[in-house]
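Me: I'm new to this structure and would like to learn how to read it. Could you walk me through it, one feature at a time?

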Amino acid sequence: MPEAQLENPTASHSTSGHRSTRVEIDRLAKHFPARKGSGERVTKAVDDVVLEIEPGELFFLLGPSGCGKTTLLRMIAGFIEPTNGRILFDGRDVAPLSPNKRNTGMVFQSYALWPHMTVEANAAYGLKVRKIPANERRDRVREARNAVQMAAYAKRKPAQLSGGQQQRVALARALVVRPSVLLLDEPLSNLDAKLRLELRHEIRRVCKESGLTTIYVTHDQKEALSLADRVAILKDGKVVQVGPPAVCYRQPADHFVAEFLGETNFVDATVREASKTEATLVTAAGPLHARLHEDRPPLEAGDHVPLSLRPETMRLGDHTAPQALRATRVGRTHLGEIAQHQLRLETNESRAEGQLVLAAELNPAASFEEGERVGIHIDPNDVVVLPPAMNQGVAAPAR
């Protein structure tokens, strides 16, 4: 319900001059009774999560359906009681507090607007509950309404608004109470693709201009990659990787992250030689050179490792060149501004039975000849060596 997010002590600062809040999640867990017949005692929806979210940060919780991200967000809001763990706002544990004592503003996936109220009345509702004086209430509503560019629609009711406009009103209603932390639960999932793209940047602009610490839940990888300051990727209730989106994309922690964050090719390799910073690798289709990152475990000669190779990092050229994978063109798909090539890696034994991989080129009009032999050239910085323990065998191109 809308009122659950709004009842809170008043704040004395303006939205634009908001004092940002540091959020710490300390070994937070939520267990539910397991389904009968599952063989488990409990289902661990959130499993011992530890996170630190900096003041003013736009922080994303990203993962597939059922990974625990919404449960985690609702525990931060106070709508779900943790099984154990702490939630700290500026060092104060708010886990024992009810939702109306936490000073969070929440934007729901369903908007949760009052259908009989105008835009202004929806935005002002939480302030009336808090008994904010009429003059201050009017000023705050105007400020929040202008921030989300809804001044021209102040007297309209939700039924007279588009989905994107309703989402702006929901955001204004959360902002107007000047929360310590803004929580967004898949706020764009009900909108069409064009409107989602437009509102992504609006949400980032509003959050950054207001200075709010914002925690945003989504399963949309592009949303997270384009908006987040940092992202936590969840799987089965656990945090798999935390970092800036570009780092998570370019240096995924494991097979799951590499596949979840976009198309990639998984290729098996053997380490020929390695130092702390570099490795020479051998694959069935040829050699590769990789630059290793400090946070990865050391490699030794003879180790069998899986590689993640993004399609856009592959340059097609001479198949006889050293440090290139040998391949044969088998198909091409036009995707507007790029062309995606289907290639079959050659092995020493066969050109016809090797693994299929994808490569992307920015010039869709470039000549293409099916059956042509090519070399795949990849910068050592783009050859991602995944942890050996995650080796799942030679895989087809990811979705």
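**Reading the model together**

Reply: Gladly! Let's begin with one residue. Leaving aside neighbours within four places in sequence, Ile 233 is in contact with Leu 62, Lys 238, Val 239, Val 240, Gln 241, Cys 248, Phe 256, Val 257 and Leu 261. Please keep in mind that this is a predicted model.

Me: Thanks! Which residues touch the most other members of the largest nonpolar core?

Reply: Ile 233 is one of them, together with Phe 60, Leu 171, Leu 175 and Leu 182, in a core of 45 residues. Helix α4, residues 163-175, gives the largest share of this core, six residues. Another core lies apart from it, with 29 residues, including Leu 51, Ile 87, Ile 215 and Val 217.

Me: Let me step back for a moment. How many helices and strands does the protein have?

Reply: There are eight helices and 20 strands. The C-alpha atoms fill a box of roughly 80 × 50 × 45 Å along the principal axes. Of the 399 residues, 51% count as buried. Contacts tell you about the fold too: among those with a separation of 6 or more, 70% join residues 24 or more positions apart.

Me: Now the aromatic rings. How many aromatic pairs does a search of the whole structure find?

Reply: It finds four. As a general idea, a pair of aromatic rings is described by the distance of the centres and the angle of the planes. Take Phe 60 and Tyr 216: this pair is stacked, with 4.1 Å centre to centre and 15° between the planes.

Me: Which strands do Phe 60 and Tyr 216 lie in?

Reply: Phe 60 belongs to strand β3 (residues 58-62) and Tyr 216 to strand β8 (residues 213-218), so the pair ties together parts that are 156 residues apart in sequence.

Me: And is Phe 60 buried or exposed?

Reply: Phe 60 counts as buried because its relative accessibility is 0%.

Me: Could you show me another pair?

Reply: Of course. Phe 256 and Phe 260 are also stacked, at 5.7 Å centre to centre and 15° between the planes. Here is the general idea to bring along: an α-helix has 3.6 residues a turn, so residues three or four places apart point the same way. In this case, Phe 256 and Phe 260 both sit in helix α8 (residues 255-260), four residues apart, about one turn of the helix. Both of these residues are buried.

Me: Which residues line the second largest cavity?

Reply: They are Gln 251, Arg 291, Leu 292, His 293, Arg 296, Val 383, Val 384 and Val 385. They divide into four nonpolar, two polar and two charged, around a volume of about 40 Å³.

Me: Last one: how much space lies in the largest pocket?

Reply: About 600 Å³. The pocket is lined by 22 residues, and Lys 222, Tyr 249, Glu 263, Glu 312 and Ile 338 lie nearest its centre. At least two lining residues each come from α6 (221-227), α8, β15 (315-317), β17 (338-345) and β18 (356-361). Helix α6 supplies the largest share, four residues. By class, ten of the lining residues are nonpolar, four polar and eight charged.

Note on methods
Residues are numbered from 1 along each chain as its sequence is written. This is a predicted model: local features need pLDDT of at least 70, side-chain atom pairs count only at pLDDT 80 or more; totals for chains, interfaces and linings use all residues. Side-chain values use heavy atoms; hydrogens and water are left out. A nonpolar core is a set of buried Ala, Val, Leu, Ile, Met, Phe, Trp, Tyr and Cys residues joined through side-chain atoms within 4.5 Å. Buried means under 20% relative accessible area, exposed over 50%, partly exposed in between (1.4 Å probe, protein chains only). Contact means heavy atoms within 4.5 Å. On a 1 Å grid over the protein atoms alone, a cavity is a set of points where a 1.4 Å probe fits but cannot get out, and a pocket is an open set with protein on both sides within 12 Å along at least five of seven lines; lining residues have an atom within 4 Å of a point. Grid points are joined across faces, edges and corners, and a volume is the space filled by probe spheres set on the points. Ala, Val, Leu, Ile, Met, Phe, Trp, Tyr, Cys and Pro count as nonpolar, Asp, Glu, Lys and Arg as charged, and the others, Gly among them, as polar. Rings of Phe, Tyr and Trp (its six-membered ring) pair if their centres lie within 6.5 Å; planes under 30 degrees apart count as stacked, over 60 as edge-to-face and the rest as tilted.
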